[in-house]
Amino acid sequence: MGDSVDPWRVPFCDGNSIPILGLGTYSLDKPIKGETVKAVKAGIEIGYRHFDGAFMYGNEDEVGEAIQAKIADGTVKREDIFYTSKVMESCKDAGLVRSIGVSNFNHKQLETLLRMPKLKYKPVCNQVECHPYLNQSKLLKYCKSNNIVLVGYSPLGSSPDPKWFNPNNPILLNDPELRKIGEKHNKTAAQVALRYQIQRDVVIIPKSFNPGRMKQNKEIFDFQLTDEEMKAIDGINKNCRYVIVKQLIDHPKYPFHEEY
C-alpha cells in the first residue's frame with residue numbers, strides 16, 4: 001500500500017469531491033487481455049483511488065474487474081474509489097453516477113451550456129488536455145470563475161500515435177526548465193510537471209501501466225514549487241496541443257479552433 005492515499009481532494013460544486021491525482025487507463029494500442037486488470041490492481045496497491053476510463057478505450061470491463069477484485073480482498077471499499085468515465089445525462093437521472101461534467105469544451109461552449117435556461121445539471125468539471133506546454137491558463141481562470149474544476153489529461157505531454165497526436169511537437173519532458181527545477185528538488189521533469197498542476201488545483205490523470213512509473217507519478221506530495229518556479233513553468237507555455245483529433249477537425253463543434 002502507498003504511504004499516502006488521496007492526500008489532496010478538490011471539491012465539486014455539487015458537494016462531492018475528486019482526488020487531485022488519478023490514473024489514466026487509455027491504451028494507444030488495443031489493450032492486451034489482462035493488462036489493464038494487472039495495472040489497475042497495481043495502482044490500487046500503490047495508493048491510487050481515482051481512475052479515468054471510457055467505453056471507447058475498450059478496457060472498462062477490466063478496470064471494473066480489477067476494482068472488484070481489490071474490494072473483494074479487502075484492500076479498498078467501493079466508496080474509496082472515484083471512477084471517471086464518459087456517460088450520458090440519463091445515467092445521472094437514473095442515479096448511476098454521482099457527478100457529471102464535460103470534456104474538451106472551450107470557454108464559448110461552456111458559456112453556451114451554462115446559459116441554457118433548462119440546464120438540468122451544471123457540469124462539475126471540464127476534462128481537457130493540460131500540461132506546461134498547454135497550460136490552459138485562460139480556460140482555468142474561466143472554469144474557476146464558474147466553480148468548474150479543470151481535469152487535465154495528457155499532463156506529461158506527448159505520445160507517438162499519429163491518429164490522435166501531433167508527432168512534430170516538442171517533447172515536454174525534455175524541457176530544460178523542468179529538468180533544472182527537478183534537479184533542485186531531486187525530482188524528475190515528470191514529477192515537476194505534475195506538481196505544477198496540483199499547485200494550480202488542476203486534477204491530473206497521468207496514464208501509465210508501469211508500476212514503477214505509477215509510483216513515481218504519485219511521489220509529488222512531498223515537495224513544493226516556489227512562486228518563482230511556478231512563474232518559470234508558466235513561462236514555457238507554447239500553446240502546444242498534442243491531442244488534435246484530426247479526424248474531427250472539420251466538425252462544426254470542433255473545440256480547438258478557439259484560443260481557449
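**Entry 1: α1 and α8**

I started with helix α1 (residues 35–46) and helix α8 (residues 211–218) in this predicted model. Their axes come within 10 Å and cross at roughly 35°. I noted the hand of the crossing: α1 passes α8 in a right-handed one. Next I looked up who touches whom. From α1 come A39, A42, G43 and I46, and they meet P211, M214, K215 and K218 of α8. Sorted by class, this contact has five nonpolar residues, one polar and two charged.

**Entry 2: α1 and α2**

I then turned to helix α2 (residues 60–72), which packs against α1 at an angle of about 40°. The two axes lie 8 Å apart. The crossing of α1 past α2 is right-handed. On the α1 side I listed E35, T36, V37, V40, K41, I44 and E45. They meet E62, V63, E65, A66, I67, A69 and K70 in α2. I sorted this contact too: seven residues are nonpolar, one is polar and six are charged.

**Entry 3: the sheet**

Last, I traced an open sheet of four strands. Its order is β6-β7-β8-β9, and the pairing is parallel. Which strands stand at the edges? They are β6 (102–103) and β9 (203–204). Each has a single partner strand, so one side of each is left without a neighbour in the sheet. I checked the link to β9: two bridges join it to β8 (residues 149–153), and the two strands run parallel. There, G152 stands opposite I204 of β9.

Terms used: Residues are numbered from 1 along each chain as its sequence is written. This is a predicted model: local features need pLDDT of at least 70, side-chain atom pairs count only at pLDDT 80 or more; totals for chains, interfaces and linings use all residues. Side-chain values use heavy atoms; hydrogens and water are left out. Two strands pair if DSSP finds at least two bridges between them. Axes are lines fitted to C-alpha atoms, for helices over the stretch in contact, and angles run from 0 to 180 degrees between N-to-C directions. A crossing is left-handed if the near helix is turned anticlockwise from the far one by less than a right angle, and right-handed if clockwise. Contact means heavy atoms within 4.5 Å. Ala, Val, Leu, Ile, Met, Phe, Trp, Tyr, Cys and Pro count as nonpolar, Asp, Glu, Lys and Arg as charged, and the others, Gly among them, as polar.
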